Amino acid sequence: MWWMMNETGGNYCSKKSDDLCSKVCGQESSQVSGMSRIRCILRGLDVKTYIFLFAVIPMCIFGIYLHGQKISYFLRPLWEKPPKPFHVIPHYYNQNVTMENLCKLHGWGVREFPRRVYDAVLFSNEIEILNLRWRELYPYVNEFVLLESNSTFTGLPKPLVFKSNRHEFDFAEPRLTYGTIGGRFRKGENPFVEEAYQRVALDQLLRIAGITDDDLLIMSDVDEIPSAHTINLLRWCDEIPEILHLQLKNYLYSFEFRLDDKSWRASVHRYQTGKTRYAHYRQSDILLADSGWHCSFCFRRISDFVFKMKAYSHYDRVRFSHYLNPDRIQKVICTGADLFDMLPEEYTFKEIIGKMGPIPHSYSAVHLPAYLLENADKYKFLLPGNCMRER
């Protein structure tokens with residue numbers, strides 16, 4: 001009888017079964033393989049559980065793979081606080097106001113003669129922007145210092161673009177100190193290491209150029225352009241801060257897409273031998289408002305976009321090869337979208353949400369570099385309404 005079998009330790013299973021699952025109910029369960037146990041467990045799952053295991057979870061994993069960077073940027077306010085606010089100095093300027101009064105408005109005295117000014121840059125391939133920069137600053141810069149490498153920050157070989165186009169800068173030749181440096185071509189190295197290596201070399205080139213104590217040194221990338229009147233103010237005014245960051249209007253692709261006023265990495269230093277080091281990070285808490293323009297990825301040709309995307313320190317943002325597709329890049333330029341399909345790098349949810357989506361078009365070309373407007377036909381691609389690029 002069945003109750004007798006149960007009492008005597010038989011292999012009876014109270015649940016009817018005609019397959020392998022019956023074995024787990026009795027003494028033979030210890031002999032069942034792990035795979036068999038899994039099959040047995042899966043037989044007991046309903047359809048909803050199958051959908052969850054084999055559809056929902058894989059889709060979530062794939063979504064995180066595709067959009068993990070976006071998720072990380074969106075959640076940034078949870079673990080990272082905004083940096084310490086700058087002390088912003090209001091910027092006064094009108095061409096009809098005397099320099100004595102302008103210096104006084106800023107709380108500074110006026111000098112009997114202006115300081116010498118050195119403008120130093122690391123150069124990659126930004127020929128058009130370099131021309132705008134030097135034309136804007138030419139009246140007030142005593143020496144242009146340019147260092148060029150045959151390597152990108154990511155260790156890729158590159159031609160000496162400035163050297164090949166040096167004839168376009170004959171106007172600056174009497175004031176130019178030009179140097180080259182060989183790349184180290186370390187594959188897999190953090191790009192910021194190569195960048196730091198080149199900045200140290202630029203320090204040496206500045207000394208060759210003859211910079212001395214209390215000369216003004218402009219530290220900024222090629223596309224971070226101080227306005228001429230800003231540099232003229234700083235060279236004439238006495239008692240200015242030893243290190244002063246410049247707040248620049250932030251543009252993307254051209255002067256049609258104004259992002260914000262949060263570009264601050266450009267700086268001006270009163271040079272001190274043995275102390276001043278060329279760098280591109282925050283070095284003081286003082287910021288001079290409305291001091292120029294930062295035009296990032298402002299290239300004439302699609303090929304230059306592709307080159308920079310692969311060459312600069314944030315190459316890790318190129319997560320998928322289709323980001324480098326010329327047709328995609330052209331579409332992004334005309335819509336004001338993000339080349340790397342990233343969310344805004346902000347520190348509050350309000351600012352992130354407020355900046356999501358394409359940058360609004362701007363149709364203002366007021367207070368742009370003078371040489372740009374005087375040569376509008378040549379630099380048409382940088383003006384509103386001209387988003388199409390050469391290949």
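Reply: Let us begin with the cysteines: when the bonded cysteines of the chain are numbered in sequence order, they pair as 1-2, 3-4, 5-6. The model is predicted, so local features need pLDDT of at least 70 and side-chain atom pairs count only at pLDDT 80 or more, while totals for chains, interfaces and linings use all residues. Residues are numbered from 1 along each chain as its sequence is written, and side-chain values use heavy atoms, with hydrogens and water left out.

Me: What is a disulfide, and how many does the count come to?

Reply: A disulfide is a pair of cysteine sulfur atoms within 2.5 Å. By this rule there are three disulfides. In one of them, the sulfur atoms of C103 and C237 lie 2.0 Å apart. Helices (H or I, at least four residues) and strands (E, at least two) are DSSP runs, numbered from the N terminus.

Me: Is the disulfide of C103 and C237 left-handed or right-handed, and why?

Reply: The torsion about the S-S bond of C103 and C237 is about -95 degrees, so this disulfide is left-handed. The link of C295 and C298, with -80 degrees about the S-S bond, is left-handed, and its S to S distance is 1.8 Å. The link of C334 and C387, with 90 degrees, is right-handed; the sulfur atoms of C334 and C387 are 2.1 Å apart.

Me: Are C103 and C237 buried or exposed?

Reply: Buried means under 20% relative accessible area, exposed over 50%, and partly exposed in between (1.4 Å probe, protein chains only). Both C103 and C237 are buried. C295 counts as buried because its relative accessibility is 1%, and C298 counts as buried because its value is 3%.

Me: Which residues touch the most other members of the largest nonpolar core?

Reply: In soluble globular proteins, nonpolar side chains tend to be buried together. A nonpolar core is a set of buried Ala, Val, Leu, Ile, Met, Phe, Trp, Tyr and Cys residues joined through side-chain atoms within 4.5 Å. The largest core here has 50 residues, of which L130, W134, L146, F162 and L382 touch the most other members. Helix α6 (residues 127-137) gives this core its largest share, six residues. Contact means heavy atoms within 4.5 Å; leaving aside residues up to four places away in sequence, W134 touches several residues, including F144, L146 and F162. A second, separate core of 22 residues includes F297, M309, Y312 and L324.

Me: Where is L248 found, and is it buried or exposed?

Reply: L248 is found in strand β10 (residues 248-252). Its relative accessibility is 0%, so L248 counts as buried. Not counting residues up to four places away in sequence, L248 touches a set of residues, among them E224, I225, W293 and H294.
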